[in-house]
Amino acid sequence: MTQAELGAELNVTFQAVSKWERGESFPDFATMSKIAKLFGVPLTYFEDNETAATAEGAAQADGEKQEPAPEMIGVCTSCGMVVYSGQEGRASPSLVCKKCCDREKAAELRRRQEAERQKVEQKKRAELAENAAIAAKRSKRNSGLIAGGIAAAIVLIIAIVSAIFSDSTGAVIGGGVAVTLMTFTFLSQLIWGGIVRSVCFAGGAMIGTPGVIFTLDLDGVFFLVAAKIFFALLKLFIFIITSLFMVFAAFVISPFAFIPRLVKMSSATPLED
C-alpha cells in the first residue's frame, strides 16, 4: 500500500504516514489498533522496547487530553438555556445559570442602592423642611421682638414727656415703665402666639338672641324690628366688653408668660402654636 492509500484507510494524511516511516512521529494507540486490524496482525507485532514505550506514552497522553463530557443538569428557568454541571448559579428553589444569577444579584444590588439613595434624599428633605421651620420660627421671634421694642419705645417716650409736664413725675415714670414693659411683652407674644394671643382673642363671644313672639300686624312688626335692634346692640356691647376685658387680661399676664415663650421661640425645634 502506498502512503496515500494507508492514510486514506486511517483517515490521516500521507505526510503523517511518511513521518511514521521515518521515525519522526508515532501514531497514537487508537491508530495503532486500526493498523493492526487492517493488516491482520496483533498489536504487539509493532512493538519493540522503544516503540512499545513510545506507544504507551502516546496512549497515556491521549487519555490525559480527553476529558469526560460535562453532565447536563437541566434548563435555566430564567433564560431557557441548557445548564451543564459547573454552570449552575443556583439550584434551589429553581435552576438558574451563573449568568442569570449574576444578573439577578446585580439587579438586586441596584435596587438596594436606589432604595438607600431615596432614603438619604428623604432624610435630607426632612432635615431641610425642619431647618426651614426653625428658621421661620426664629424670624417670627425676631419680628415680635422688633415690633414689641418699637411699641415699647413709643410708650416710654410718651411716658417721659407726660412726666415732664406732670406734678407727680416719679409716679408717672414708674407707671410708664410698667406699661412699657407690658407693651413690649404683650405685643411680642401677640405676634408669637401662645397663651397671650389665645387669651386676647378669647373675648367677644357672641351670644344667641332669644326668640321674639310678635303679632302679624303693624305694631307687631315694629315690636319685632325694635327687639332685633335691641338684641343687636346688646350683642355688640357684650362683644366690646368681653374683648376689652380679655385684652386687658392678656396684657397683664404677658410679662409672666414672656420668658417661657421666648425660650420656646429660641429652641431648635419647629414651632407648634
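This is a predicted model: local features need pLDDT of at least 70, side-chain atom pairs count only at pLDDT 80 or more; totals for chains, interfaces and linings use all residues.
Helices here are DSSP runs of H or I with at least four residues, strands are runs of E with at least two, and both are numbered from the N terminus.

**View 1. The whole chain, to get your bearings.**
By that count, the protein has eight helices and four strands. Residues are numbered from 1 along each chain as its sequence is written, and side-chain values use heavy atoms, with hydrogens and water left out. Of the 273 residues in the protein, 21% are buried; buried means under 20% relative accessible area, exposed means over 50%, and partly exposed lies in between (1.4 Å probe, protein chains only). The accessible surface comes to about 18800 Å², and 65% of it belongs to carbon and sulfur atoms. That area comes from the Shrake-Rupley method with a 1.4 Å probe, and for residues only the protein chains shown count as cover. Taking contacts (heavy atoms within 4.5 Å) between residues at least 6 apart in sequence, 53% join residues at least 24 apart.

Helix 1 (residues 3–10) packs against helix 2 (residues 14–22) at an angle of about 110 degrees, and their axes are 8 Å apart. Helix 1 is therefore roughly perpendicular to helix 2. For these values, axes are lines fitted to C-alpha atoms, for helices over the stretch in contact, and angles between N-to-C directions run from 0 to 180 degrees. Angles of 65 to 115 degrees count as roughly perpendicular, under 35 as roughly parallel, over 145 as roughly antiparallel and the rest as oblique. The crossing of helix 1 past helix 2 is right-handed: a crossing has this hand if the near helix is turned clockwise from the far one by less than a right angle, and is left-handed if anticlockwise. Look for Q3, A4, L6, G7 and L10 in helix 1, which meet F14, V17, S18, W20 and E21 in helix 2. By class, this contact has six nonpolar, three polar and one charged residues. Here Ala, Val, Leu, Ile, Met, Phe, Trp, Tyr, Cys and Pro count as nonpolar, Asp, Glu, Lys and Arg as charged, and the others, Gly among them, as polar.

**View 2. N11, in the loop between helix 1 and helix 2.**
Most residues other than glycine have a negative phi. N11 is not a glycine, yet its phi is positive, at about 60 degrees. N11 is also exposed, with a relative accessible area of 69%.

**View 3. Helix 6 against helix 8.**
Helix 6 (residues 169–192) and helix 8 (residues 218–266) pack at about 65 degrees, with axes 7 Å apart. The two helices are therefore roughly perpendicular to each other, and helix 6 passes helix 8 in a left-handed crossing. On the helix 6 side, the residues in contact include M182, F186 and W192, while helix 8 brings partners including F251, R261 and M265. The contact holds 13 nonpolar, five polar and one charged residues. Zoom in on T185, a residue of helix 6. T185 is buried, with a relative accessible area of 2%. Setting aside residues up to four places away in sequence, T185 touches S254, P255 and F258.

Helix 5 and helix 8 pack at about 145 degrees, with their axes 8 Å apart. K137, R138, K140, R141 and L145 in helix 5 meet F258, L262, K264, M265 and S266 in helix 8. These residues divide into four nonpolar, one polar and five charged. G149 also belongs to helix 5 (residues 98–164) and is partly exposed, at 29% relative accessible area.

**View 4. C200 and its surroundings.**
C200 sits in helix 7 (residues 195–200) and is buried, at 10% relative accessibility. Beyond its neighbours within four places in sequence, C200 contacts F186, L190, M246, V247 and A250. L244, in helix 8, is exposed, with a relative accessible area of 56%. The C-alpha atoms of L244 and C200 are 8.6 Å apart, and those of C200 and T242 are 9.9 Å apart.
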